[in-house]
There are 10 protein chains.
Amino acid sequence: MSLINTEVKPFKAQAYQNGKFIEISDANLKGKWSVLIFMPAAFTFNCPTEIEDAAEHYGEFQKAGAEVYIVTTDTHFSHKVWHETSQAVGKAQFALVGDPTHQLTKAFDVHIEEEGLALRGTFIVNPEGIIKTMEVHDNAIARDVTETVRKLKAAQYVAAHPNEVCPAKWKEGEKTLAPSIDLVGKI
Amino acid sequence: MSLINTEVKPFKAQAYQNGKFIEISDANLKGKWSVLIFMPAAFTFNCPTEIEDAAEHYGEFQKAGAEVYIVTTDTHFSHKVWHETSQAVGKAQFALVGDPTHQLTKAFDVHIEEEGLALRGTFIVNPEGIIKTMEVHDNAIARDVTETVRKLKAAQYVAAHPNEVCPAKWKEGEKTLAPSIDLVGKI
Amino acid sequence: MSLINTEVKPFKAQAYQNGKFIEISDANLKGKWSVLIFMPAAFTFNCPTEIEDAAEHYGEFQKAGAEVYIVTTDTHFSHKVWHETSQAVGKAQFALVGDPTHQLTKAFDVHIEEEGLALRGTFIVNPEGIIKTMEVHDNAIARDVTETVRKLKAAQYVAAHPNEVCPAKWKEGEKTLAPSIDLVGKI
Amino acid sequence: MSLINTEVKPFKAQAYQNGKFIEISDANLKGKWSVLIFMPAAFTFNCPTEIEDAAEHYGEFQKAGAEVYIVTTDTHFSHKVWHETSQAVGKAQFALVGDPTHQLTKAFDVHIEEEGLALRGTFIVNPEGIIKTMEVHDNAIARDVTETVRKLKAAQYVAAHPNEVCPAKWKEGEKTLAPSIDLVGKI
Amino acid sequence: MSLINTEVKPFKAQAYQNGKFIEISDANLKGKWSVLIFMPAAFTFNCPTEIEDAAEHYGEFQKAGAEVYIVTTDTHFSHKVWHETSQAVGKAQFALVGDPTHQLTKAFDVHIEEEGLALRGTFIVNPEGIIKTMEVHDNAIARDVTETVRKLKAAQYVAAHPNEVCPAKWKEGEKTLAPSIDLVGKI
Amino acid sequence: MSLINTEVKPFKAQAYQNGKFIEISDANLKGKWSVLIFMPAAFTFNCPTEIEDAAEHYGEFQKAGAEVYIVTTDTHFSHKVWHETSQAVGKAQFALVGDPTHQLTKAFDVHIEEEGLALRGTFIVNPEGIIKTMEVHDNAIARDVTETVRKLKAAQYVAAHPNEVCPAKWKEGEKTLAPSIDLVGKI
Amino acid sequence: MSLINTEVKPFKAQAYQNGKFIEISDANLKGKWSVLIFMPAAFTFNCPTEIEDAAEHYGEFQKAGAEVYIVTTDTHFSHKVWHETSQAVGKAQFALVGDPTHQLTKAFDVHIEEEGLALRGTFIVNPEGIIKTMEVHDNAIARDVTETVRKLKAAQYVAAHPNEVCPAKWKEGEKTLAPSIDLVGKI
Amino acid sequence: MSLINTEVKPFKAQAYQNGKFIEISDANLKGKWSVLIFMPAAFTFNCPTEIEDAAEHYGEFQKAGAEVYIVTTDTHFSHKVWHETSQAVGKAQFALVGDPTHQLTKAFDVHIEEEGLALRGTFIVNPEGIIKTMEVHDNAIARDVTETVRKLKAAQYVAAHPNEVCPAKWKEGEKTLAPSIDLVGKI
Amino acid sequence: MSLINTEVKPFKAQAYQNGKFIEISDANLKGKWSVLIFMPAAFTFNCPTEIEDAAEHYGEFQKAGAEVYIVTTDTHFSHKVWHETSQAVGKAQFALVGDPTHQLTKAFDVHIEEEGLALRGTFIVNPEGIIKTMEVHDNAIARDVTETVRKLKAAQYVAAHPNEVCPAKWKEGEKTLAPSIDLVGKI
Amino acid sequence: MSLINTEVKPFKAQAYQNGKFIEISDANLKGKWSVLIFMPAAFTFNCPTEIEDAAEHYGEFQKAGAEVYIVTTDTHFSHKVWHETSQAVGKAQFALVGDPTHQLTKAFDVHIEEEGLALRGTFIVNPEGIIKTMEVHDNAIARDVTETVRKLKAAQYVAAHPNEVCPAKWKEGEKTLAPSIDLVGKI
């Protein structure tokens with residue numbers, strides 16, 4: 001069964017954020033929109049560029065009332081050191097979540113058994129803890145956060161306007177569709 | 001287990017393409033890149049806009065040596081009528097694959113049990129039949145084919161250059177990264 | 001076990017009828033006689049002729065207090081388009097029920113696993129939801145609604161006259177038989 | 001799974017026909033068309049009228065190269081006496097098959113467990129032993145052999161003309177349909 | 001385990017007796033002695049001679065307060081016709097029980113699976129529904145009701161005189177034995 | 001399943017006969033007719049009268065080419081003493097078989113679990129080792145060997161004349177019936 | 001698990017004692033010491049000598065407050081005859097218990113499956129029904145009751161003096177040992 | 001099932017004998033008679049008296065061609081110390097077998113689960129490794145080796161004279177019995 | 001799962017200590033620190049040296065409020081003799097626990113199945129009965145109690161100072177570390 | 001079962017050593033002695049002190065022909081950064097093995113399920129891949145490498161001198177013990 005429209009499973013993990021170690025759980029994902037961004041391993045190659053990309057759009061996410069979480073199977077100890085030693089990662093003001101127990105990578109079905117690492121997966125979760133979009137890549141292929149922002153906006157729009165749907169390549173402010181029997185077979 | 005880096009399961013289905021009914025199977029996905037685009041139902045609202053979006057990028061896909069397949073749980077009969085009666089869908093020169101047996105929607109884990117319909121899922125499959133990227137949305141949130149093209153290009157680039165990876169928001173022609181021990185902890 | 005004299009299983013489905021989308025469930029089959037007519041697929045060959053045949057007898061069914069339901073594994077969206085585009089199907093004033101979940105085709109044992117489509121099956125259901133007659137054909141062999149009307153009348157007659165039975169080829173108004181020990185071995 | 005398009009299961013039974021006791025098995029159903037007519041019990045009420053109806057159409061069945069078999073759960077001994085003592089049954093020149101072991105009533109899914117008797121079921125079987133049509137009634141509702149003849153003719157026609165289908169209420173000599181992509185959505 | 005000294009299992013069946021159809025159940029076997037006589041099939045060879053033999057001793061059974069039941073796997077319909085058409089069977093004033101469901105032949109372990117018929121079995125049942133004697137033959141070997149009467153009398157005698165036993169070939173009125181330790185090793 | 005027409009199970013037992021201890025097995029039952037007479041216990045009340053009854057008919061059994069076996073769950077040691085100390089039992093020239101292992105009482109389904117003793121059961125076995133008649137009584141009710149002789153003769157007659165059956169109360173020399181279709185429904 | 005120090009299982013059996021048939025159960029073994037002596041079969045070779053040996057020591061057993069039980073798989077009927085006809089066995093004033101149900105031989109693990117007889121086993125049971133000593137022989141090797149008396153005395157002594165143990169070959173009246181830490185390693 | 005007449009299970013253990021550590025296995029029990037004497041624990045109270053008793057009869061055992069083995073769940077290390085420190089145990093010239101793995105105490109069914117120690121059990125094993133007698137006591141009740149010698153002699157006598165049995169309390173040189181049918185019921 | 005940080009399983013055993021036999025159970029391990037020292041067998045080679053080593057540090061253990069237990073699979077009887085006969089072992093004032101039931105060796109996972117003996121294992125257990133350190137050797141390699149004392153002190157220190165940890169080769173009185181986020185990546 | 005004297009399970013892992021990433025597998029542990037040192041996490045508190053302690057004794061290990069492996073559940077990427085950024089860790093010339101798949105922590109039974117980290121465990125493995133000593137601590141209690149060196153030397157000594165054992169607190173060069181029966185009970 002697809003993860004889309006299922007609720008995030010209960011979890012508990014340690015994260016590094018803004019000079020502190022904090023505990024993150026499924027409870028943190030309730031009450032506001034969340035974007036979970038899984039990546040394979042601290043100190044590697046693509047991952048800092050993706051964190052930097054997320055950091056550059058963090059203002060937009062915050063304005064949209066969404067929180068961002070980076071997740072790897074490293075410890076929060078490694079995440080602190082990574083944040084301190086990488087200029088790119090150092091830009092992250094959001095939580096870098098450690099998942100050495102593999103709870104999260106398994107719950108979001110992005111675990112690579114033979115490596116103990118995560119695939120590149122992005123999940124948009126609504127304030128009820130329901131997964132609305134997912135995107136998973138082979139680790140050699142990085143993502144584009146601009147597209148994640150577009151999806152978040154679309155997800156928020158249709159949540160707020162339950163009688164409308166966002167058409168292909170919809171961007172904030174563009175026209176939407178209001179499904180009705182009259183449109184059936186007419187588009 | 002994630003579908004990423006697994007092989008497409010065997011299947012057989014009837015499709016409508018360019019005025020003909022043809023049979024499509026997993027054998028068709030071997031030897032070139034494929035993009036499978038699942039959507040819920042013929043004659044509905046968002047779907048024609050997404051097919052139109054795909055049709056407008058079909059030249060790019062073809063130039064990249066990739067084939068496009070639209071899949072719904074409707075029959076190929078419905079797909080023919082849809083193609084004839086919808087101006088948007090009529091632009092499709094690629095196959096509209098019928099999946100009334102639910103073989104494909106279940107194999108790609110996009111089946112909605114209580115509706116008998118597919119979620120909006122896009123899958124890029126390499127010439128060996130291995131899934132390299134996946135993207136699945138709640139049906140109210142449409143996709144943007146531009147991003148699918150970008151991912152296809154990145155997937156093709158790293159397939160051709162196995163010692164490089166594409167960084168965040170990489171676009172064709174941009175710089176890539178060559179992982180090496182020297183870069184560990186330095187980006 | 002035969003379906004004859006068993007109760008219709010619970011189901012819920014979307015249908016197109018007279019310009020509206022409506023929900024049909026097992027509850028709709030209670031309180032009056034029902035005739036369920038399964039057929040393989042919208043937009044195909046024999047099906048419109050069978051719907052037309054049903055439409056031409058719809059007055060008789062209504063006079064007999066019976067409702068007619070056409071069922072295919074297509075969606076109600078396809079059914080609306082079919083109704084609009086086929087002159088024959090357009091005559092249908094009864095519900096065209098979509099069964100993309102295969103609930104009904106499986107409950108009435110007319111599902112073709114390898115095609116995802118229904119066999120041609122007709123079922124007469126009494127006001128208690130009990131199946132009284134069934135008739136199923138290979139899809140190349142169409143039915144004759146005149147015979148369905150004859151069966152409905154016979155089913156209604158014996159329901160109303162529990163001590164009588166309808167003999168071979170009985171038609172409304174003809175003589176019936178009242179079983180009694182005296183007749184045993186005498187006919 | 002529906003019995004339609006499945007092969008008749010192996011069986012062996014004793015029958016009375018034309019003053020002789022003969023053994024009938026699944027082998028007898030191979031090489032020509034067969035019509036199996038199940039009914040509840042010898043010496044009862046509707047059954048003789050149905051046998052008489054079949055007897056009156058026996059010439060047509062023979063001309064069409066089809067054999068007729070009446071089946072009840074009585075013994076062949078009872079069938080002989082029935083044939084001798086009932087004027088209606090005495091017209092039968094075809095086999096009256098005894099099924100006291102319930103092999104046939106169970107194989108054709110017309111067995112009533114709490115009575116040990118058959119439902120009224122008619123099955124048309126092709127020369128390969130494949131069931132092409134089935135019709136089953138509550139025992140108070142008798143059949144009309146005219147309709148069985150019509151179905152047999154249609155089944156034989158489409159067997160002989162594999163590219164055609166018989167439309168609704170088709171009768172021998174009438175026009176058929178030749179399915180082609182051009183007709184899809186056009187009828 | 002032997003059926004001797006076990007209770008008759010619950011059953012319900014239709015019988016023909018004296019021009020009427022009646023229902024017989026295990027309740028009928030309570031409160032008086034019963035003799036159940038199974039035989040293979042109505043209208044056959046030995047069976048009428050055995051029924052006639054039973055009919056000729058029916059007075060004795062009745063004087064002894066015992067009821068007689070003939071059981072075959074035929075229907076009560078066949079039993080009526082048999083009674084009417086056979087001079088021998090026509091003498092029967094006791095019930096001819098139909099067992100087309102095979103409930104009784106299986107409960108008394110006289111069912112022939114490959115024929116669907118009963119073996120020749122005679123069972124004497126006491127007023128508590130407990131089986132006291134049983135006798136079963138291959139169907140080619142008929143019974144002698146005189147011996148059944150002798151056994152019934154012996155069964156009734158020891159039921160009435162719990163401290164006595166009937167010696168070999170005891171007949172009503174002859175001497176019995178009163179077991180006691182003094183007789184042990186002395187007879 | 002009834003024991004009638006099944007083969008005797010393999011067994012091995014010690015017996016006392018004519019001043020010797022001998023071993024009896026299923027092999028002894030092959031090649032001639034056998035009569036097995038089970039009874040509860042040596043030194044008791046009815047049993048000597050039944051052995052005496054058998055002894056008085058032993059000549060007839062021998063003339064008919066049949067062997068007699070008495071079986072109890074006692075040892076062959078007890079049987080020797082019984083034979084020596086009881087005048088009635090002392091008449092037995094046939095084998096007194098000991099069954100302390102309960103092999104035989106269980107194989108012939110005459111074992112009383114809570115007593116470790118046999119019921120009064122008589123079995124006629126043909127030269128192929130197949131059981132043709134059985135008769136079992138509550139232990140207070142003794143048998144009549146005259147009837148056993150009559151059954152043996154009938155069993156032997158129909159074995160020798162496979163197209164005939166022995167009617168009710170048939171005795172050696174009396175008329176038999178030759179089943180044929182002409183007799184069906186005529187007796 | 002050893003039977004030593006386990007409780008005797010519930011049982012019920014018929015015995016012959018002093019001209020009477022009595023019922024013996026596990027309840028009889030409670031409240032006084034018991035000696036159970038199993039042997040293979042009445043009327044055989046060693047068994048009478050062992051019963052005679054027990055009879056000659058019966059006075060000692062009684063003086064010690066112990067009861068003796070002989071057990072074979074024969075019936076109590078055989079035991080009566082044995083007692084009457086064997087001079088040796090006739091000396092027995094204790095119960096000769098019949099175990100044709102094999103309850104006792106199985107509960108005391110002395111049953112020989114392929115013979116249905118007991119091994120030579122002697123068991124001393126205390127007034128709580130707990131087995132304190134056991135001794136079992138191949139049937140060709142008889143026991144010596146003198147040793148059984150010695151064991152009984154020892155068992156009774158240590159039961160009465162819980163802080164003492166009887167050393168090797170202890171006989172009534174001899175010195176015992178009082179275990180204490182001081183003796184550890186000193187004997 | 002009783003251990004009598006079963007073969008000793010395979011085992012391997014360390015023993016102390018005559019100043020040496022040796023390995024003892026089931027192979028050692030083949031080819032001559034063996035006496036296995038289990039006892040609870042080295043350094044305790046009764047055990048040395050029993051070993052001394054065995055030691056005093058060791059000449060007789062050897063003359064009879066039998067070997068003696070003492071077994072406890074202690075180690076062979078403890079056995080050496082015991083032999084050196086106890087005057088009584090020091091007399092033992094036979095093997096003191098250590099069974100800390102509990103292989104032997106479990107195979108001979110003398111293990112006390114809650115103590116990890118053996119019961120007092122003596123077993124006579126023939127040269128084929130078959131157990132012929134067993135004797136097991138509660139640990140407070142010691143054995144008498146004189147009786148073990150008597151049993152060994154009887155076991156050897158009947159092994160050498162298969163047509164004779166040793167009567168009650170038989171001692172070497174006394175009369176035996178030769179079972180024959182003539183003796184049945186005569187002793 | 002590791003035994004570290006699990007609770008000691010319930011057990012009960014007999015021990016020798018200071019001239020007395022006492023019972024030791026898991027209850028004894030609660031309320032103070034415990035050191036369990038397993039070794040293979042009494043009277044052997046390395047074991048006395050290890051007991052002597054423990055005895056020489058017993059004062060330190062006592063000062064630290066810890067109790068010492070030696071455990072082997074021998075009995076407490078052997079332990080007494082060992083204590084009396086070995087000068088080294090005789091120094092032990094702590095309990096020598098006997099484990100002939102193998103409860104403890106199995107609960108602490110130091111049992112050698114094929115020998116019935118323990119491995120050399122040392123376990124430090126806190127006053128809640130939780131195992132904090134474990135150390136297990138092949139039996140040829142002895143331990144050094146000095147190191148056990150060091151570990152006990154470290155375990156007690158961190159129990160008393162939950163915010164500190166003892167660094168490598170820490171000895172009582174040396175500096176410890178207080179983990180804090182500031183130290184992460186800085187040592 | 002204890003891990004002592006079992007073979008290391010097959011594994012494969014990535015490690016950082018001397019500026020290179022290398023693959024380590026069970027094959028690396030064959031042919032020389034190995035010391036595996038598990039610790040919880042890179043960048044933490046005690047771990048660097050333990051690595052430093054190991055580094056300071058690395059010369060001794062190498063002289064003894066032994067290789068050292070540090071293992072945590074971090075990646076080899078983290079290990080490189082740790083080595084570069086920590087002065088203590090930077091002293092390590094041996095492999096820092098990453099175990100993000102948890103293969104090693106589970107195979108050596110030091111995995112903490114709820115943290116995804118290792119316990120502090122040290123294992124000495126011989127050139128055949130057999131574990132000879134193990135030592136596991138709660139993570140707050142660090143080890144002392146001096147003791148590990150002592151154990152390694154003892155393990156190597158007894159491997160080279162199979163007839164000797166190392167007594168308590170043995171250090172290289174000290175006297176060993178040669179087990180012999182003469183020493184049993186004498187130390």
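Residues are numbered from 1 along each chain as the sequence is written, chains are lettered from A and ligands numbered from 1 in the order of writing, and side-chain values use heavy atoms, with hydrogens and water left out. As the model is predicted, local features need pLDDT of at least 70 and side-chain atom pairs count only at pLDDT 80 or more, while totals for chains, interfaces and linings use all residues.

Chains A and B come first. Contact here means heavy atoms within 4.5 Å, and on that basis 47 residues of chain B meet 48 residues of chain A. Between them the two chains bury about 4,200 Å², with 58% of that on carbon and sulfur atoms; buried area is the accessible area (1.4 Å probe) that two parts lose on being put together, summed over both. On the chain B side, B:Phe45, B:Ile141 and B:Ile187 lose the most area to chain A, and together they make up 16% of what that side buries.

Ten salt bridges cross between chain B and chain A, a salt bridge being a side-chain nitrogen of Lys or Arg within 4 Å of a carboxyl oxygen of Asp or Glu. One salt bridge joins B:Glu135 to A:Lys151, with the closest N and O atoms 2.5 Å apart. Helix 1 (46-56), strand 9 (131-137) and helix 6 (145-160) of chain B each put at least two residues into the side that touches chain A. Helices (H or I, at least four residues) and strands (E, at least two) are DSSP runs, numbered from the N terminus. Sorted by class, that side of chain B has 23 nonpolar, ten polar and 14 charged residues. In this sorting, Ala, Val, Leu, Ile, Met, Phe, Trp, Tyr, Cys and Pro count as nonpolar, Asp, Glu, Lys and Arg as charged, and the others, Gly among them, as polar. A:Glu135, A:Lys151, B:Glu135 and B:Lys151 are also linked in a network of salt bridges.

Next up are chains D and B. Five residues of chain D are in contact with eight of chain B, and the pair of chains buries about 430 Å², 71% of it on carbon and sulfur atoms. D:Ile181, D:Val184 and D:Lys186 supply 92% of the area that chain D buries against chain B, more than any other three residues. One salt bridge is found across this interface: B:Glu84 pairs with D:Lys186, with their closest N and O atoms 3.2 Å apart. The chain D side has two nonpolar, one polar and two charged residues.

H:Lys186 is exposed at 53% relative accessible area, whereas F:Glu84 is partly exposed at 38%. For these labels, buried means under 20% relative accessible area, exposed over 50%, and partly exposed in between (1.4 Å probe, protein chains only).

Over all chains the salt bridges number 140, and some sit within a single chain. D:Glu135 and D:Lys151 meet at 3.8 Å, N to O. In chain F, the side chains of F:Glu50 and F:Arg143 form a salt bridge at 2.4 Å, N to O. F:Glu50 lies in helix 1 (residues 46-56) and F:Arg143 in the loop between strand 9 (131-137) and helix 6 (145-160), 93 residues away. F:Glu50 and F:Arg143 are both buried.

What about the cysteines? A disulfide is a covalent bond between the sulfur atoms of two cysteines, counted here when the two sulfurs are within 2.5 Å. The whole structure has zero of them. For A:Cys166, the nearest cysteine sulfur belongs to B:Cys47, 14 Å away. E:Cys166 has its closest cysteine sulfur in F:Cys47, and at 14 Å that is too far for a bond. A:Cys166 is buried at 1% relative accessible area, and E:Cys166 is likewise buried at 1%.

Most residues other than glycine have a negative phi. D:Asn18 has a positive phi of about 50 degrees and lies in the loop between strand 1 (12-17) and strand 2 (20-25) of chain D. F:His102 has a positive phi near 70 degrees, and sits in the loop between strand 5 (95-98) and helix 5 (103-107) of chain F. F:His102 is buried, at 4% relative accessibility.
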